[in-house]
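Dear colleague,

Please find below the structure for your records.

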Amino acid sequence: MSEQAENRIDRRFAKLRAEGRKALVTYIVAGDGGIENTVPLMHQLVASGSDLIELGVPFSDPMAEGPVIQKGHERALAHKASLRRCLEMVADFRRDDGDTPVILMGYANPIERMGGEAFAEAAQQAGVDGALTVDLPAEEAGPLSGLLAERNLRNIFLLTPTTSEERIRAITELASGFIYYVSLKGVTGAGNLDLDSVHENLGRIRQHTDLPLCVGFGIKDGASARAVSADGDGAVVGSVLVSAVGEAGDAAQARDRVAELVAEIRGELDR
Amino acid sequence: MSDRKPVDFAAFPDNQGHFGPYGGRFVSETLIDALDHLQEMYARLKEDPEFQAAFDYDLAHYVGRPSPLYLAERLTERAGGARIWLKREDLNHTGAHKVNNTVGQALLAKHSGKRRVIAETGAGQHGVATATVAARLGLECAVYMGAEDVKRQSPNVYRMKLLGAEVIPVESGSKTLKDAMNEAMRDWVTNVDDTFYIIGTVAGPHPYPQLVRDFNSVIGREARAQSLEEFGQLPDALVACVGGGSNAMGLFHPFLNDSDVKMYGVEAGGDGIDTGRHAAPLSAGIPGVLHGNRTYLMEDEDGQIIETHSVSAGLDYPGVGPEHAWLKDIGRVQYVAANDSEALDAFRALTRTEGILPALESSHAVAYALKLAATLSPEQNIVVNLSGRGDKDIFTVAAIDGIEV
C-alpha cells in the first residue's frame with residue numbers, strides 16, 4: 001500500500017481499534033425501496049450502529065449475488081437507479097454525515113461505461129471513500145486502482161477461501177482501506193458458513209497484512225457476526241438487510257426493520 | 001489490411017487471455033483459483049499427444065468427423081454468383097458444432113477428476129451436447145436455461161432430460177442465455193470443488209475463449225484441407241453466424257493467417273439494426289465487461305445490459321467472444337447482420353433447394369452468403385458454416401407461419 005493521506009475508512013478503523021470494538025459494515029442496494037428513500041436509510045444505518053456503509057450499485061447482471069440481493073438490484077433498476085444516481089445519493093448523504101465511510105460495491109461495466117477517470121473524479125467529488133468492484137480481480141484492477149489512489153480513495157479487494165498463499169501476498173500489497181474476506185464458496189446470502197475455515201484463513205491472511213479484515217457472505221445475525229469477527233476486525237451484513245427492505249410495505253417500515261436488525265447485530269458485536 | 005504489419009493470429013491470446021484490449025478474466029476472486037488450475041491443465045494437455053489422440057478419436061468415432069464440405073449447387077444457382085459450399089456441422093452427433101467443444105471439455109473434466117458438470121444453454125444445442133458427453137462419461141449434469149428459451153426450445157429440453165441432465169429454468173433478468181450464464185457462474189462459485197463448468201461459446205473468463213476456439217478449430221482445419229482437395233485453392237470467403245461466436249471462431253481461426261481469405265461474421269439483426277431490437281453487439285454495441293471478459297456488448301448509457309431480440313435463441317445474447325471483438329477492430333473479419341425475416345427466407349431457401357433443414361442460427365449465415373455470392377463470380381468459392389440442423393426449430397417456424405404442429 002502506497003503512503004496516502006488518511007481517509008474516512010482509515011480513521012474509522014483506527015478509532016474502532018483504539019476502542020477495542022469490531023466494525024459493523026452494512027450493505028444496501030442504492031435505490032432499492034425508491035430512489036428518495038436510500039439516503040434516509042443510510043442515516044438510519046448509522047444511527048443504529050453501522051460503522052461503514054457499502055452502497056450496492058445496481059447492475060443488470062449481478063453474477064456474484066444470491067437471489068435476495070439479485071432481487072434488490074432488480075427492484076433498484078425498476079426505480080431507475082444507476083451509478084450516476086448512486087453518486088448523487090452519496091453527495092446528499094455527505095451533507096449531514098461527514099464521518100461515516102461509504103464504499104461503492106458493484107460490477108465493472110457501469111464504471112467502464114462512465115469511464116474510470118470520470119468515475120474516480122465523480123466519486124471523490126461526491127464524498128465516496130472507496131470502491132469494491134466484484135468482477136475486477138487484482139489482474140485487471142490496476143488502472144482503476146491507480147485512478148482511485150490518485151484521489152486518496154481506497155480500492156477494496158476480496159479474498160476468499162480459494163485464494164492461494166501467493167495471491168494473498170500479491171493482493172494484500174495492492175489493497176488499501178481494508179480486506180473483505182468472503183467467508184464461503186458461494187454467492188451472497190448463502191447458508192454454508194464454516195467458522196473453522198474462516199478462523200484458519202484469517203490467520204493465513206493476517207501474516208501478510210496489517211489492514212483491517214472484515215468478513216462477509218452468510219452473516220445473518222448478531223451471533224454469526226460476532227463469531228466471524230472474533231479473529232478479524234469486523235463483519236459485513238447485506239442479504240438480511242436487503243431482504244428486510246424488499247419485504248417492507250413502505251419506506252418507514254423498511255427503516256424500522258433495518259434499524260432493529262442493525263441494532264441487534266451492533267449489540268452482539270459490542271457485548 | 002494491406003499496409004498493416006502482419007499479425008500472427010496463432011499467438012493470441014496472451015497468457016492473461018487478452019486479445020488486444022479484449023478478453024481477460026473479470027470474475028470474482030473465488031473463481032480465480034479454479035481458472036488458474038484449468039489454464040495450467042489445458043496448457044499441459046494441449047501439448048500432450050495422448051490427450052490429442054483421445055480427442056481426435058472421439059471426434060472421429062463419436063462425433064462422426066470429418067464433416068463433409070458439400071457443394072450446394074441449386075442454392076448456388078439461386079444466388080447467381082460464387083459457388084456456395086456448406087461445411088456440414090449439422091451432421092455431427094447431436095446435430096451441431098457444439099459437440100466438438102463438449103467432447104474436448106469433457107476430456108478436461110475427466111482429467112480434473114470432478115464428478116459433476118454444468119452448462120448454460122440458449123437454443124439448447126450446447127445443453128444437449130453437454131448432457132450427451134456427461135451421459136457417456138457417467139458425470140452428473142445440470143444445465144441452466146432461460147425460462148423463455150425453455151418455452152421456445154422444448155424438444156431440446158426433453159432431449160436433455162432423456163440424457164439424464166437436470167434442466168434448471170432461469171427466471172431472473174431477461175430469462176434468456178445471458179441469465180443462464182449468470183446462474184451457471186453462481187453454481188460454479190458455490191460448487192467449485194467438485195464441478196467443472198463447460199462453457200459453450202468462445203466467451204467467458206480466460207482460458208475459455210481460447211480452449212473453446214481450439215476445440216472447434218477442427219472445423220476450419222478440415223474445411224481448409226477439403227477446399228484444397230475439392231477446388232484446389234483456399235476459399236475466397238468464409239461465412240458463419242455469430243452469437244457468442246464459437247462456430248465462426250472454429251471455422252475462421254485456421255484461416256486467419258491466410259490474408260486473401262475474406263471472412264464474414266453474421267450477427268442476428270432481429271427486427272433490424274435500426275429498430276434497436278436485435279442481438280448484434282459487433283454491429284451496434286460498444287466495448288464493456290460482462291461474463292468474465294471485456295468485449296462488445298449491448299447496453300444502455302448507464303452500462304446496464306439490455307435485452308436482445310432474435311428469432312434464433314442461440315444468437316440471442318448481448319455479448320460476443322473477445323477474439324471477435326478484436327478481429328473486428330483490426331479489420332480482419334467483417335461483421336454484418338441478417339434480420340429475422342432474411343434468416344427465415346434463407347431457412348426456406350436451403351430447405352427447398354437442397355433438402356437441408358438448417359438451424360435458425362445457421363440460417364443467418366446462409367442469408368448473408370446468398371447476398372455475398374451474388375456479388376462474386378462463378379469461379380469464386382464461399383464456404384458457409386452450416387453450424388447446426390433445424391429440426392429443433394420447426395415449431396418456431398410453424399408458429400410464425402400460423403400452423404399448429
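T295(B) is buried, as its relative accessible area is 1%. Please bear in mind throughout that the model is predicted. T295(B) belongs to strand β13 of chain B, which covers residues 292-297. A polar atom of the T295(B) side chain lies 2.7 Å from the backbone oxygen of V320(B). When neighbours within four places in sequence are set aside, the residues in contact with T295(B) are Y22(B), I286(B), P287(B), G288(B), V320(B), G321(B), P322(B) and A325(B).

**Aromatic pairs**

Over all chains, the count of aromatic pairs comes to 14. One of these is formed by W188(B) and Y208(B), whose rings are 6.2 Å apart, centre to centre. Their planes stand at 75° to each other, and the pair is edge-to-face because an angle over 60 degrees is counted in that way. This pair links distant parts of the chain, 20 residues apart. W188(B) is in helix α8 of chain B (residues 177-190), while Y208(B) is in helix α9 of chain B (residues 208-216).

Are the two partners buried or exposed? W188(B) counts as buried, with a relative accessibility of 3%. Y208(B) is likewise buried, at a relative accessible area of 1%.

Y208(B) also pairs with Y197(B), in this case in a tilted arrangement. The distance is 6.1 Å centre to centre, and the angle between the planes is 55°. Y197(B) is located in strand β8 of chain B (residues 195-197) and Y208(B) in helix α9 of chain B, so the pair ties together parts that are 11 residues apart in sequence. Y197(B) counts as buried because its relative accessibility is 0%, and the cut-off is under 20%.

Elsewhere in chain B, ring pairs join F9(B), F12(B), F19(B) and W326(B) into a cluster.

**Charges over rings**

Two further arrangements bring a charged side chain to an aromatic ring. R136(B) lies over the face of Y62(B), at 4.3 Å from the ring centre. For K328(B), the charged end sits over the ring of Y296(B), at 5.4 Å from the centre of that ring.

With kind regards

Technical notes:
Residues are numbered from 1 along each chain as its sequence is written. Chains are lettered from A and ligands numbered from 1 in the order in which they are written. This is a predicted model: local features need pLDDT of at least 70, side-chain atom pairs count only at pLDDT 80 or more; totals for chains, interfaces and linings use all residues. Side-chain values use heavy atoms; hydrogens and water are left out. Rings of Phe, Tyr and Trp (its six-membered ring) pair if their centres lie within 6.5 Å; planes under 30 degrees apart count as stacked, over 60 as edge-to-face and the rest as tilted. Helices (H or I, at least four residues) and strands (E, at least two) are DSSP runs, numbered from the N terminus. Buried means under 20% relative accessible area, exposed over 50%, partly exposed in between (1.4 Å probe, protein chains only). A charge sits over a ring if NZ of Lys or CZ of Arg is within 6 Å of the ring centre and within 35 degrees of the ring normal. A polar contact is a pair of N or O atoms within 3.5 Å; within protein, one must be able to donate a hydrogen and the other to accept it, and residues adjacent in sequence count only if both atoms are side-chain atoms. Contact means heavy atoms within 4.5 Å.
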